Amino acid sequence: MSASDVCNKEVGSTSKSNDDVCEVIGKLENICTTNNEGIPLVCAKCGKEGSEVTNTCNKCKMVMYCNAACKKRHRHLHKKDCEEHVKRAAEKDEKLFKQPPPLEEDEKLFKQPPPLEDCPICMVRLPTKETGSTYMGCCGKIICCGCIDAPVYDNEGNEVDDVCPFCRTPPCSNEEIIKRYEDRAALNDATAMYILGIYYSTGEEELPQDDTKALELWHQAAELGYADAYYLIGNAYILGNGVEMDEEKKALYYYKLSAMGGNIKGRFFLGIDEEEKGNPERALKHYIIATKDGCVESLESIKRLGHEGTEVDLFKAVQYHLEYLDDVRSDQRDEAAETREKYYELLSNFNYQSLGY
């Protein structure tokens, strides 16, 4: 029911208070001046307009008053709408930013996460480094860089170019790739949700830039067990993208969830945070865990700590890192890494001016 409908409904009444309400409502409908939040700069009680109307409802923040007296007199008329605004805001927060269960004690926080699954083709443990694998939207498989770069053959032994090494699906346009991700996300594919969230966050692949949509997708992916999504939610609270900035509580909370799920960036951040807070022992625990999962930066951080026993800890960390490398390496991956390194080196040394750029 609109504001005009309310006035029409009360037209038979002789109550002066109702007349006053209808008069103010009429002014509200005709006013176009608003503040930065889009709230009309007009007193909801007396109808006064302009920059002097600065007193906002303390609960819903959706109506303005010229002074505390008007706010008090209008309270009983506004109460129902105020409660409805507050309820809707709470429902929105609950839907978009639902908090997972409270974190357990340090025993869970400092527990080594399980390693990533094996590549479905070569059956060697997937590396934690993002460049070490590729998600295939056609079949939903995560393929290691070695198998991505290796030649693919058909049933007759002929080499086939530009097809998925797992399901042999040929390449497609960017629009079709997005459609594949959306189809996979509809099947509760957490990785597809995570990647779509990145595209919405950055506005890439011709998708509109939408931080709220990105957060929705990352929360869905995280609830399905995709720990990297928690890390990006933490980043959103650090930067204030789609949410109010909250570095000390919410960002740290989501980084902890990402670390417990195996995200080495979140784990490394926790180490830095503890180090800056003057807790080298806790920082070291985080760095050691990150090192076991292939975080080279953690080795430098352990060396930098410089407290008693660091040399022993650094030696252990190096051993852990070597064990990780042994788990994830293969001749095929080494060849792919060498090829990619030469390719990027070629790009960096290329003289674009020779082409007129």
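Me: How do the axes of helix 10 and helix 11 cross, and within what distance do they come?

Reply: Two packed helices are described by the angle between their axes and the distance between the axes. This is a predicted model, in which local features need pLDDT of at least 70 and side-chain atom pairs count only at pLDDT 80 or more, while totals for chains, interfaces and linings use all residues. Residues are numbered from 1 along each chain as its sequence is written, and side-chain values use heavy atoms, without hydrogens and water. Here the axes of helix 10 and helix 11 (residues 264–276) come within 7 Å and cross at roughly 130 degrees. Axes are lines fitted to C-alpha atoms, for helices over the stretch in contact, with angles from 0 to 180 degrees between N-to-C directions. Helices (H or I, at least four residues) are DSSP runs, numbered from the N terminus.

Me: Which orientation do helix 10 and helix 11 therefore have to each other?

Reply: Angles under 35 degrees count as roughly parallel, over 145 as roughly antiparallel, 65 to 115 as roughly perpendicular and the rest as oblique. Helix 10 and helix 11 are therefore oblique to each other. Their contact (heavy atoms within 4.5 Å) includes Leu 252 and Tyr 255 of helix 10, and Phe 269 and Leu 270 of helix 11.

Me: How do the axes of helix 9 and helix 10 cross?

Reply: The axes of helix 9 (residues 227–239) and helix 10 (residues 247–260) cross at roughly 165 degrees and come within 7 Å. That makes helix 9 roughly antiparallel to helix 10. Among the residues that meet are Tyr 230 and Ile 233 in helix 9, and Ala 251 and Tyr 254 in helix 10.

Me: Is Ser 330 buried or exposed?

Reply: Ser 330 is buried (under 20% relative accessible area; exposed is over 50%, partly exposed in between, with a 1.4 Å probe and protein chains only), at 16%.

Notes:
Helices (H or I, at least four residues) and strands (E, at least two) are DSSP runs, numbered from the N terminus.
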